[in-house]
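Follow the explanation below with the model open.

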Amino acid sequence: MKQDGSVTLFNQWRKKMRAVVIHQAGAPQQLAMEERPVPQPKPGWSVIRIRAFGLNHAESITRRGGSPSVQFPRVIGIEAVGEVAATQSPALTVGERVTTLMGELGRQFDGSYEEYVLVPDTQIYPLPLSGDWAQLATIPESGYTAWGSIKNCQIVAGQSVLVRGGTSTVGIAAIQLMTAMGVHVTATTRRAEKSAFLKRQGAEAVVLDVAGKLQTTANYDAIIEFVGEVTLLDSLTHLKHPGGYLNVTGELADQWTLDGFSSFNIPSGSYLTSFQSTDINRQWLAEMMQLIADKHLEFPIGAQFTLDEIVAAHELLDAGTADGKIVVTV
Ligand SMILES: NC(=O)c1ccc[n+]([C@@H]2O[C@H](COP(=O)([O-])OP(=O)(O)OC[C@H]3O[C@@H](n4cnc5c(N)ncnc54)[C@H](OP(=O)(O)O)[C@@H]3O)[C@@H](O)[C@H]2O)c1
């Protein structure tokens with residue numbers, strides 16, 4: 001039986017693993033390597049052998065103590081790619097390539113900065129893509145967040161879409177996915193020297209974002225906003241109406257509320273919405289992976305580290321200078 005086979009295979013592996021644990025909020029140096037027991041599967045929960053994971057802006061916030069619901073000690077990390085190591089679920093197969101992301105991963109229960117992770121079966125998703133583990137690790141959280149934002153805006157081929165905060169890893173994923181769909185993508189950055197990089201991702205045009213003002217008079221069918229409240233009012237003035245969509249996905253400037261906002265800032269007949277990747281729609285995730293496979297998309301790897309180098313990986317995450325996803329192989 002699968003359940004027996006799984007546990008047998010699991011028991012052949014060693015009993016201890018390495019895990020990166022935060023005991024106290026603070027600088028990257030708070031990420032401490034420890035030896036821990038390999039987790040055991042239990043009803044409704046399976047163990048994944050993590051092969052690689054991507055780093056996220058949100059993990060830097062959590063590490064610094066900015067996620068009030070996260071209690072330390074905690075292994076953080078909100079996404080991973082790997083193989084099912086042990087399971088009691090008839091829907092999963094030991095050795096199957098999978099991904100896990102979001103939910104309470106790395107928040108209410110231990111996350112991906114370790115060799116094996118115990119996750120709810122409901123939070124394990126197929127990974128039907130080829131490529132090495134580091135490349136696959138660029139996809140789940142950035143790709144799904146970009147895809148959810150695209151779906152929220154009901155974007156279709158031929159439309160013009162602005163990605164505000166285009167050099168962010170989620171922004172890059174949004175540019176590549178929409179370009180593959182046949183969308184005319186414009187991307188923003190505060191750094192003129194990033195124009196060529198953004199065009200290599202598929203952006204037809206690049207607009208500079210100077211002190212929160214877009215250096216263009218153009219309007220767009222949809223805008224995906226990653227910078228957040230500080231640029232929201234300016235973005236709304238570049239939304240076509242009626243029928244435009246503005247989706248707030250990120251708060252890169254770290255300002256989460258907006259004084260002086262009026263509903264009448266939303267252009268008449270257009271829509272303001274937000275996307276949160278907390279709850280994963282399996283169909284959307286599968287659609288996104290299919291598009292990546294069909295169009296042979298490769299989200300850029302900004303830098304690659306091993307688990308032992310996690311402090312250096314977080315230092316680069318905090319610097320915000322990686323051109324692409326920072327990935328850690330395990
Ligand atoms: N809603 C969700 O479910 C969800 C899921 C994942 C991520 N997110 C959010 O999406 C955003 C992007 O995440 P990420 O991990 O992709 O980010 P990231 O890769 O760390 O973003 C780096 C980029 O952010 C830009 N940036 C940094 N500070 C900025 C500021 N004050 N104003 C304008 N731009 C700034 C820089 O662009 P330039 O220097 O080129 O201008 C930089 O290249 C974050 O806010 C993250 O929390 C949301």
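Helices (H or I, at least four residues) and strands (E, at least two) are DSSP runs, numbered from the N terminus. This is a predicted model, in which local features need pLDDT of at least 70 and side-chain atom pairs count only at pLDDT 80 or more, while totals for chains, interfaces and linings use all residues. Residues are numbered from 1 along each chain as its sequence is written, and side-chain values use heavy atoms, with hydrogens and water left out.

The loop between strand 13 (245-248) and strand 14 (271-274) holds Gly260. Gly260 counts as exposed because its relative accessibility is 69%; buried means under 20% relative accessible area, exposed over 50%, and partly exposed in between (1.4 Å probe, protein chains only). Between Gly260 and Gly324 lie 64 residues in sequence and 34 Å in space, C-alpha to C-alpha.

Helix packing comes next. Two packed helices are described by the angle between their axes and the distance between the axes. Here axes are lines fitted to C-alpha atoms, for helices over the stretch in contact, and angles run from 0 to 180 degrees between N-to-C directions. Helix 4 (residues 140-152) and helix 5 (residues 169-181) have axes that come within 8 Å and cross at roughly 60°. Helix 4 is therefore oblique to helix 5, given that angles under 35 degrees count as roughly parallel, over 145 as roughly antiparallel, 65 to 115 as roughly perpendicular and the rest as oblique. In this contact (heavy atoms within 4.5 Å), Ser142, Gly143, Thr145, Ala146, Trp147 and Ile150 of helix 4 meet Thr169, Val170, Ala173, Ala174, Leu177, Met178 and Met181 of helix 5. The residues of the contact of helix 4 with helix 5 comprise nine nonpolar, four polar and no charged. Ala, Val, Leu, Ile, Met, Phe, Trp, Tyr, Cys and Pro count as nonpolar, Asp, Glu, Lys and Arg as charged, and the others, Gly among them, as polar.

Helix 4 also packs against helix 8 (residues 282-294), where the axes come within 10 Å and cross at roughly 105°. That makes helix 4 roughly perpendicular to helix 8. On the helix 4 side the contact includes Pro140, Tyr144 and Lys151, and on the helix 8 side Trp284, Glu287 and Leu291. Seven nonpolar, three polar and two charged residues make up the contact of helix 4 with helix 8.

Which residues of helix 9 (residues 310-319) are buried? They are Ile310, Ala313, His314 and Leu317. Down the axis of helix 9 these buried residues fall within an arc of 95°, so they line one face of the helix; the arc is that of the directions from the helix axis to the C-beta atoms. Among the elements covering them are strand 1 (16-22), helix 2 (57-63) and strand 16 (325-329).
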